[in-house]
Amino acid sequence: MLKDDLYNIGVDVDGTVSDFFGDDYDIYYETLKALAADTKIDELKAAIKKKDVSGAFEAAHCLKAAVGMCGNEILMQRLVVLVEILRKNQMPTGAQIDSFYVSFREFVNVINRN
């Protein structure tokens with residue numbers, strides 16, 4: 001079940017649904033599926049590969065807004081690190097980028113599995 005799988009990776013499903021979705025789990029799950037299908041992650045990867053700080057910042061900032069509504073604090077913390085580094089017109093380290101990608105992939109895989 002999606003809810004259990006999300007809890008297993010540290011997502012506060014009940015708290016998030018209560019805080020942001022008026023206890024409507026269906027809307028929350030639709031939001032998760034939209035995030036899983038979002039192409040901003042591809043834009044972020046492309047910008048980082050090209051060392052395009054501005055493009056990476058824009059994509060990461062958009063992802064941050066979407067991730068913030070999903071209750072995945074670990075993913076959010078890793079994304080905030082990227083956004084703040086990019087905001088300073090710098091590129092995150094490979095380890096910081098990889099840490100975010102691993103968390104994002106794990107989150108999307110859980111969503112897509114259900």
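What follows is a look at helix H6, its packing and its charged pairs.

Reply: This is a predicted model, in which local features need pLDDT of at least 70 and side-chain atom pairs count only at pLDDT 80 or more, while totals for chains, interfaces and linings use all residues. Residues are numbered from 1 along each chain as its sequence is written, and side-chain values use heavy atoms, with hydrogens and water left out.

Helix H6 covers residues 73–87 and packs against helix H7, residues 94–113, at an angle of about 145 degrees, the two axes lying 9 Å apart (helices are DSSP runs, H or I, of at least four residues, numbered from the N terminus; axes are fitted to C-alpha atoms over the stretch in contact, with angles from 0 to 180 degrees between N-to-C directions). On the H6 side the contact (heavy atoms within 4.5 Å) is made by Ile74, Leu75, Arg78, Leu79, Val81, Leu82 and Ile85, and these meet Gln96, Ile97, Ser99, Phe100, Ser103, Phe104 and Phe107 in H7. Sorted by class, the contact comprises 10 nonpolar residues, three polar ones and one charged one.

Because Glu84 and Arg87 are three residues apart in helix H6, about one helical turn separates them. Glu84 is partly exposed, with a relative accessible area of 31% (buried is under 20%, exposed over 50%, partly exposed in between, with a 1.4 Å probe and protein chains only), and Arg87 is partly exposed as well, at 43%.

The structure holds three salt bridges, which gives this pair a setting. In helix H4, residues 40–49, Glu43 and Lys40 are likewise three residues apart, so that about one helical turn lies between them, and their closest N and O atoms are 3.0 Å apart; here Glu43 counts as partly exposed at 36% relative accessibility, whereas Lys40 is buried at 18%. The pairing of Asp14 with Lys3 has its closest N and O atoms 2.9 Å apart, and this pair links distant parts of the chain, with Asp14 in helix H2 (residues 13–20) and Lys3 in helix H1 (residues 2–8), 11 residues apart. Asp14, for its part, counts as partly exposed at 31% relative accessibility.

Conventions: Helices (H or I, at least four residues) and strands (E, at least two) are DSSP runs, numbered from the N terminus. Ala, Val, Leu, Ile, Met, Phe, Trp, Tyr, Cys and Pro count as nonpolar, Asp, Glu, Lys and Arg as charged, and the others, Gly among them, as polar. A salt bridge is a side-chain nitrogen of Lys or Arg within 4 Å of a carboxyl oxygen of Asp or Glu.
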